[in-house]
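Me: I am new to this structure. Could you take me through it in short steps?

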Amino acid sequence: MFISSLIDQRKSNNSTMTREPSKENIVGKSTVENREQVHIDITHKKFRFSDYLAEKVIKGVAFLSITIIVLIFFFVFREAFPIFSSSKEVTATTGKIVQEAQETYGAVTDQPVKEEPQETYGAVTDSSQAQEQYGVQTNDTSITSDPSDTYTVSAGSGFDDNQSAINTLLTKDWVPVSEKPRYGILALIIGTFKITLISMLFAAPLAILAAIYTAMFANKKMKEIIKPTIELLAGFPSVVIGFFALMVMATFLQEIFHYETRLNSFVGGIAMGIAAIPIIFTITEDALTAVPKSYFEASLAIGASKWQTAFFVILPAATPGIFAAILLGIGRVFGETMIALMATGNAAMMDLNPFNSVRTLAATIGAEMAEVVFGDTHYNVLFLIGSLLFIFTFILNAIAEFYVKGKLMKRIQGK
Amino acid sequence: MINKFNKNVKGVVIEGITLVSALIIIAIVIIMLTVIIIGGKDQLSWEFLTSFPTDGMTKGGIFPAIYGTVFLVIIMSIAAVPFGTITAIYLTEYAKEESIIAKTIRFAVRTLAVIPSIIYGLFGLGFFIKFVGTKVDSIFYGGALTWGQPNLLWASLTMSLLTLPVVIVSVEEALKTVPQELRAGSLALGATKWQTIWKIVLPGSISGIMTGTILAVSRGAGEVAPILFTGAAYYIATLPGVGDQFMVLGYHIYVLTTQSANVDQTLPIQFGTTCVLLLLTFILNLTAVILRYRIRKKKTN
């Protein structure tokens, strides 16, 4: 506001400044002044234009982040959409798929590198294999264009009618590559929630208590140790945390708790908790320090001790912020891919035992996307899982952003 | 008397609990650092850093992975830093704090920051490779497969979307530390708004832009999920160009630990690679943290 009013002032100043000398020139005292006047006029106009241009360009670029969100929304859903189209549309889309596959089959052949490292070692594109895969695919599309056949699949690529894929979505079997592929995502969803719960039970108390310590009790020196450490932890790549969990923590925890499977949701949950600690800590600490100092002083003045103030005055006032911190922590764990891939065992089992292996939604995408055929039902289902993840984190963030912030502001302002 | 004593004990215990939680977190960080550095330090040598993998990935160095990582973060920074900086300039200099546009952009930036990285991978595949790539192929290459497949360029651009919020947030923070008096003074002297930004505000916040870039590079070097299917490869015999698949440190760790046939045999290499990646991000982050604390100090002064 301050700046804009300044600009307005400057605008009017400028205009008067340019007008005044021109009047003098009309009176006609010297040609030198006249030339100067022309000079000022040109530069003046030129600057205005570049300023205008700069503002428009900057504004345009600033919209990029919104555009990206919209594009992500659109393209992730676009690839997931064919599952929901009816059988007639399926024939139409499969036609398209053949074309797309033609264009992109090289990408598919690049990927099996992961599966058979020995075979493709050194030679990335194996053309004979490519031919094979492509052949299989066309066979499949011709079969699938027959809508009466529900479970028609040819061995190998796991092609399936889209309608039956929808029917199997809400079951617990995740068997995407088989004679009779089933895309039951229930086990994956429950596995994801299980691991999220474990990681939150581990990370939330730890991070919140540490944040309380940092915001309320710590002296300056401790603060200067804790905060940078947390920032460094936030900078740890998740693949490094995953590696640590897989190589060191899994063995260590197994020795303590004596469970059977070495990689399970417990190990994965703890590792993801480590990844979520910085987020929860930072937001909680921000919320705690945002509580006005007068609360603190008033409470101490009435005779409450420091810890009473911290737990009965500051903490309740900052609850919405802590709630937001936990929500964003959940969002982080929910979409965590590398730790889930490396430390959870990756077996889609539907139970509530924390010492069994799980497979999360994100890990499923990460593990299988590289090996599917573009346009396959399996491919679409993976994108559908991606859309689920996207919607879920989007909603979590929106709640944290709007609801919580409004509440926090109200509480702090004492309304 | 007893009551007061109880109260004090309670206070000490509760404060102790919070202190212990803070110490546990610090301990976790230190343990992770030491375990990985001790495990990998024997592996670290000039040869390890500069040679290609040999003997079916069980021996040799990680040079292609380092090269790929550096290449990736360079292209990523070229894409992310200018756009991030400009967005931050718009948010702090042009948009009014309460306007709907500014609020929407802020919300979008925060959403970008919390979207799981794997979603960026999906987006990179769906948008860059399958949409842009295939379009480019059909227009310029007559449908021949050139850009419509995973490669370094698409992976870098995907990664730049992921690191965009990091840049925006850091630069915004730095722009806010430039005193209003400087802007006002510049405008009062007759400079236009753009001149003020270009000559006064941006030079004053160069350290913030640096911090943002460093943090973005560190994030980009460590993330694996977005490049899983937009360009990372298990092994490439030659150094990649922009249009090739590439090796990258994080993916190298992932593949060696989970996809390789002889995990135990490659254990030293795994620790070595993790150590290199961790030290790389650690040093970058440390620099960013120090820079950032300087900026914050400047602000409080």
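**Questions on the structure**

Me: Which domains does the domain assignment give for chain B?
Reply: This is a predicted model. The assignment for chain B lists two stretches, residues 1–41 and residues 46–300. They are domain 1 (1–41) and domain 2 (46–300).

Me: How many residues of domain 1 of chain B are in contact with domain 2 of chain B?
Reply: The centres of domain 1 and domain 2 of chain B lie 34 Å apart, taken over C-alpha atoms. On the domain 1 side, the touching residues divide into 2 nonpolar, 2 polar and 1 charged. They meet 5 residues of domain 2 of chain B, and the number from domain 1 is 5.

Me: What is the pattern of helices and strands along chain B?
Reply: Chain B has 11 helices and 2 strands. Its C-alpha atoms fill a box of roughly 70 × 65 × 35 Å along the principal axes. Read along the sequence, the pattern is α-α-β-β-α-α-α-α-α-α-α-α-α.

Me: What share of the contacts in chain B with a separation of 6 or more comes from residues 24 or more positions apart?
Reply: Chain B has 301 residues, and 52% of them count as buried. Now take its contacts with a separation of 6 or more. Residues 24 or more positions apart account for 76%.

Me: Which helix gives the most to the side of chain B that touches chain A?
Reply: Here 92 residues of chain B are in contact with 86 residues of chain A. The chain B side divides into 58 nonpolar, 26 polar and 8 charged residues. The top contributor gives 17 residues, and that is helix α1 (residues 2–41) of chain B.

Me: Is L152(B) buried or exposed?
Reply: L152(B) is found in helix α6 (residues 152–177) of chain B. Leaving aside neighbours within four places in sequence, its contacts include F71(B), L72(B), P240(B) and F246(B). A residue with 20 or more other C-beta atoms within 10 Å counts as buried. L152(B) has 24 such atoms within 10 Å, so L152(B) is buried.

Me: How far apart in space are L152(B) and A232(B), C-alpha to C-alpha?
Reply: In sequence, L152(B) and A232(B) are 80 residues apart. In space, C-alpha to C-alpha, the separation is 7.8 Å.

Me: Why is α8(A) oblique to α14(A)?
Reply: Helix α8 (residues 186–217) and helix α14 (residues 319–334) of chain A have axes 9 Å apart. Angles of 65 to 115 degrees count as roughly perpendicular and those over 145 as roughly antiparallel. The angle that makes α8(A) oblique to α14(A) is about 135°.

Me: How many nonpolar residues are in the contact of α8(A) with α14(A)?
Reply: α8(A) passes α14(A) in a right-handed crossing. Among the residues in contact are M200(A) and A203(A) of α8(A), with I326(A) and G329(A) of α14(A). The contact has 4 polar and no charged residues, and the nonpolar count is 9.

Me: How are α8(A) and α13(A) set to each other?
Reply: α8(A) and helix α13 (residues 306–317) of chain A have axes 11 Å apart. Their angle is about 115°, and 65 to 115 degrees counts as roughly perpendicular. The two helices are therefore roughly perpendicular.

Me: Which residues of α8(A) meet α13(A)?
Reply: α8(A) passes α13(A) in a right-handed crossing. The contact has 6 nonpolar, no polar and 1 charged residues. From α13(A) come K306(A), A310(A), I314(A) and L315(A), and from α8(A) come I212(A), M216(A) and F217(A).

Conventions. Residues are numbered from 1 along each chain as its sequence is written. Chains are lettered from A and ligands numbered from 1 in the order in which they are written. This is a predicted model: local features need pLDDT of at least 70, side-chain atom pairs count only at pLDDT 80 or more; totals for chains, interfaces and linings use all residues. Domain bounds come from an automatic or database domain assignment. Two residues are in contact if their C-beta atoms, placed from the backbone, lie within 7 Å. Ala, Val, Leu, Ile, Met, Phe, Trp, Tyr, Cys and Pro count as nonpolar, Asp, Glu, Lys and Arg as charged, and the others, Gly among them, as polar. Helices (H or I, at least four residues) and strands (E, at least two) are DSSP runs, numbered from the N terminus. Axes are lines fitted to C-alpha atoms, for helices over the stretch in contact, and angles run from 0 to 180 degrees between N-to-C directions. Angles under 35 degrees count as roughly parallel, over 145 as roughly antiparallel, 65 to 115 as roughly perpendicular and the rest as oblique. A crossing is left-handed if the near helix is turned anticlockwise from the far one by less than a right angle, and right-handed if clockwise. A residue is buried if 20 or more other C-beta atoms lie within 10 Å of its own, exposed if 12 or fewer, and partly exposed in between; C-beta atoms are placed from the backbone.
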